[in-house]
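Trainee: I would like to go through the terms used for this model. Please set each value against its cut-off.

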Amino acid sequence: MPAPRNGTPGQSGHVLAVGTPGPRLDQLTHTLRSTGHEVSHAVPGDVDRQVRQSPPDAIVALDDTRHGLDLIREVRAAPAGRALPLVMVTTTPGPDDVADLLRGGADDCVSDSSDPVELSARIEAKLRRVPVPVENLLLDPRTGLYSQRHFLGELDRELRRVETSRTGGVVAMVAVAEMTALEARLGSRVRREVAERLAGVAEKLDEFCDRLGWDDDGRLLILMPGVDEDTARDRLQKFANAVAGTRFVVADENVRLTPAIGWIPLAGASDHGLAVQWARDAVNEAMRHRDLRPVKYAAWMRGAPRDRRALAQAVRGLLSALSPLLVLVLGVGIPFVFYQQMYQLGWDVGSAAYWVVVSGLVLSAGMIVLECLFSLDATPRPEHPAQPYPPASAVIAAYLPNEAATIVDTVESFLRLEYPSELEIVLAYNTPHPMPIEDTLREMARRDPRLVLLPVAGSTSKAQNINAAVTRVRGEVVGIFDADHHPAPDAFQHAWHWLSGGYDVVQGHCVVRNGDSSWVSKLVGVEFEGIYAVSHPGRTRLYTFGVFGGSNGFWRTDLLARTRMHGTMLTEDIDSTMRALHEGARIATDRTLVSRELAPTTLKALWNQRSRWAQGWLQVSLKYLRRALRSKAFTVRQKAGLVVLLGWREIQPWLTLQILPVLLYSAWRAGGVDQLDWTVPICLLATLLTLSAGVVQALFAWRLAVPELRRRKAWFWRYLLVSTLFYSHFKNIVARQALLKEVLRDRQWRVTPRPAEGKAVARS
């Protein structure tokens with residue numbers, strides 16, 4: 001292209017010059033700048049990214065090393081490049097070539113040998129076109145989305161179609177939880193960019209939908225006509241997971257986004273205003289949880305009373321109060337009557353049940369011993385990391401009124417951690433009202449910039465606090481902790497040894513640090529050694545997968561961002577474990593990765609804690625066991641482990657209760673208790689084997705315990721005695737009560753104060 005002649009500079013505008021670096025691109029750049037244009041560059045294949053980062057007013061492309069039509073298709077495939085003026089500069093354009101380029105999507109075509117003033121004039125002509133208001137366009141020129149007015153027009157047509165043909169369909173709205181923070185930093189222009197990024201993800205999903213719009217607040221609007229609710233929910237869930245698993249560039253920043261999706265069936269709305277408003281109400285509900293699950297609109301979201309009849313509530317309350325009696329009726333009375341009736345019909349079912357119970361007890365004991373043996377050879381932690389230490393983040397989830405007495409000590413312990421790279425400490429907390437302790441925490445944050453305070457407005461659970469934090473952390477690794485945990489100084493360093501070697505999650509060893517407070521805390525202290533030092537490592541090696549225990553667990557941030565925590569699950573940690581395993585994650589356990597925490601010190605607090613755990617495990621079992629057994633993601637060995645972990649643990653408490661109706665039946669059939677023979681060798685052997693499993697478990701817990709607890713031999717002897725005579729039965733009672741609570745849909749968290757170490761401690 002000849003050198004530009006002197007003349008009046010053209011109209012100023014930002015032009016993106018596309019071409020392979022070289023003399024031709026340099027000459028084109030010089031020409032454009034000399035005629036008054038701001039110029040940026042992109043090589044073929046990088047147009048979409050460059051247009052997204054810095055949207056130009058026009059594009060000028062060199063038809064050089066690749067066919068012009070391919071380059072045009074690349075520009076027009078970018079949502080933000082669909083409506084931009086595109087001028088092609090070719091070497092020797094013939095009439096047919098020019099026609100092909102114009103038909104292919106170019107706005108103009110000039111020869112390489114054309115006068116620079118002509119090229120500038122052609123660009124200026126495109127820039128001087130009378131602009132059409134975005135709301136009058138079918139598609140937004142930058143995002144490639146339906147404008148709000150046209151989207152609502154499409155929605156109205158579908159609503160009328162639903163009224164006449166009832167073909168189904170869904171309208172959804174997608175907001176981003178981080179939008180307020182992004183706007184505060186980067187301005188309102190990020191609304192358009194975020195909508196464009198979301199649309200880009202949607203376009204990459206097969207069979208998602210092709211009717212996407214956006215509103216002035218940057219929310220994505222989705223119209224899915226002719227699909228049933230289950231299909232729509234699955235597609236929206238896949239979209240949410242894809243968004244959460246993608247790192248976006250918004251206004252030159254690398255960010256994570258949390259989509260909050262609300263949706264409503266088209267058949268449920270009479271006009272587009274109502275449909276959009278209801279979808280917005282569902283979005284607000286989804287925004288509270290930030291767990292990626294699409295939320296279907298329900299009337300209570302607009303303040304309408306929930307459909308809870310007073311009589312049904314009263315019946316539930318009565319049944320909950322009578323639950324101990326109901327357990328006896330269901331677990332003892334009904335089986336006893338059944339055995340009697342079957343015997344009178346000629347079927348000795350009670351004797352068969354006896355052998356089932358004995359076999360079950362022996363099987364349980366055998367599995368306990370097997371786990372103990374496998375725990376001896378648990379996979380050791382790699383001695384060195386496979387990669388350099390990356391930035392890491394610790395997330396402490398806290399309900400502040402419950403943690404006020406311990407939170408300062410906890411934060412100070414985290415600030416003493418040793419880590420070779422950057423480490424931030426994020427305290428994600430919720431509180432119903434301002435508290436004086438917040439002033440203390442703010443002062444600590446001013447003194448040490450590693451401490452980040454993240455109040456989560458409207459949060460009602462640990463899960464919501466973690467979900468709010470995961471998109472804001474800077475670390476490649478995230479450690480999750482409760483507000484009473486004091487991790488070992490080298491915890492993050494050692495966790496990276498696992499994660500850098502191919503694991504996605506590593507669960508550490510939770511150790512009780514207030515065992516001297518009461519006999520209950522001593523009991524829990526030994527029990528935790530049995531869980532974290534014996535059972536978890538043994539099961540991981542036996543079944544080739546570990547579980548995340550809720551605290552002192554370390555995740556790859558990308559996986560946690562995709563998985564999130566579901567606050568509706570009482571054990572959100574086990575729920576997240578199952579979803580991560582379904583995704584193919586590798587979870588390790590490490591008993592040398594120690595964090596010290598506070599245990600309950602009263603029987604009531606222990607009951608509340610274990611009741612929530614038992615009901616939460618039941619929820620996970622009901623939700624995932626059947627799906628896992630049918631899944632191709634798990635090996636036969638892993639499925640066997642899931643049967644034990646999720647299935648057998650729910651059967652075993654009820655199976656042990658069957659010994660009572662079996663004995664009553666045997667006494668009835670023999671003519672009285674005094675007529676029973678209590679010295680049956682097989683019965684004595686089974687009893688001995690069952691009791692010995694507890695001895696073996698206590699012995700292994702002592703053998704593998706942390707040094708400060710291993711020195712407390714009296715604690716282990718006391719645990720063996722109390723567990724045999726009381727605690728095992730206590731946990732079985734809790735598990736049976738949990739089943740009734742789940743049937744009655746009683747899922748209330750019972751939160752009690754957690755004072756400082758050394759005082760009476762109560763946990764929910």
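Trainee: Where is His-30 placed?

Mentor: His-30 lies in helix 1 (residues 23-34). Helices here are DSSP runs of H or I with at least four residues, strands are runs of E with at least two, and both are numbered from the N terminus. The model is predicted, so local features need pLDDT of at least 70, side-chain atom pairs count only at pLDDT 80 or more, and totals for chains, interfaces and linings use all residues. Residues are numbered from 1 along each chain as its sequence is written, and side-chain values use heavy atoms, with hydrogens and water left out.

Trainee: Why is His-30 called partly exposed?

Mentor: Buried means under 20% relative accessible area, exposed means over 50%, and partly exposed is in between (1.4 Å probe, protein chains only). His-30 has 47%, so it is partly exposed.

Trainee: What makes Leu-292 buried?

Mentor: Its relative accessible area is 3%, so Leu-292 counts as buried. Leu-292 sits in the loop between helix 10 (272-289) and strand 12 (295-296). Leu-292 has a positive phi of about 75° although it is not a glycine.

Trainee: Why are the buried residues of helix 16 said to line one face?

Mentor: The buried residues of helix 16 (residues 437-447) are Ile-437, Glu-438, Leu-441, Met-444 and Ala-445. Seen down the helix axis, they fall within an arc of 115°, so they line one face. The arc is that of the directions from the helix axis to the C-beta atoms. Arg-446 and Arg-447 are exposed on the face turned away from the buried side. The buried residues pack against helix 14 (400-403), helix 15 (407-415), strand 14 (423-430) and strand 15 (451-455).

Trainee: How do you know how helix 23 and helix 24 are oriented to each other?

Mentor: The axes of helix 23 (residues 636-657) and helix 24 (residues 659-670) come within 4 Å and cross at roughly 25°. Angles under 35 degrees count as roughly parallel, over 145 as roughly antiparallel, 65 to 115 as roughly perpendicular and the rest as oblique. Helix 23 is therefore roughly parallel to helix 24. The contact (heavy atoms within 4.5 Å) joins Leu-655, Thr-656 and Leu-657 of helix 23 to Ile-659, Leu-660 and Pro-661 of helix 24.

Trainee: What is the arrangement of helix 12 and helix 27?

Mentor: The axes of helix 12 (residues 323-344) and helix 27 (residues 713-743) come within 10 Å and cross at roughly 100°. The two helices are therefore roughly perpendicular. In this contact, Ser-323, Pro-324, Leu-326, Val-327 and Leu-330 of helix 12 meet Arg-736, Gln-737 and Leu-740 of helix 27.

Trainee: Which residues touch the most other members of the largest nonpolar core?

Mentor: Of its 46 residues, these are Ile-480, Trp-555, Leu-560, Met-565, Met-578 and Leu-646. A nonpolar core is a set of buried Ala, Val, Leu, Ile, Met, Phe, Trp, Tyr and Cys residues joined through side-chain atoms within 4.5 Å. Helix 23 gives the largest share, six residues.

Technical notes. Axes are lines fitted to C-alpha atoms, for helices over the stretch in contact, and angles run from 0 to 180 degrees between N-to-C directions.
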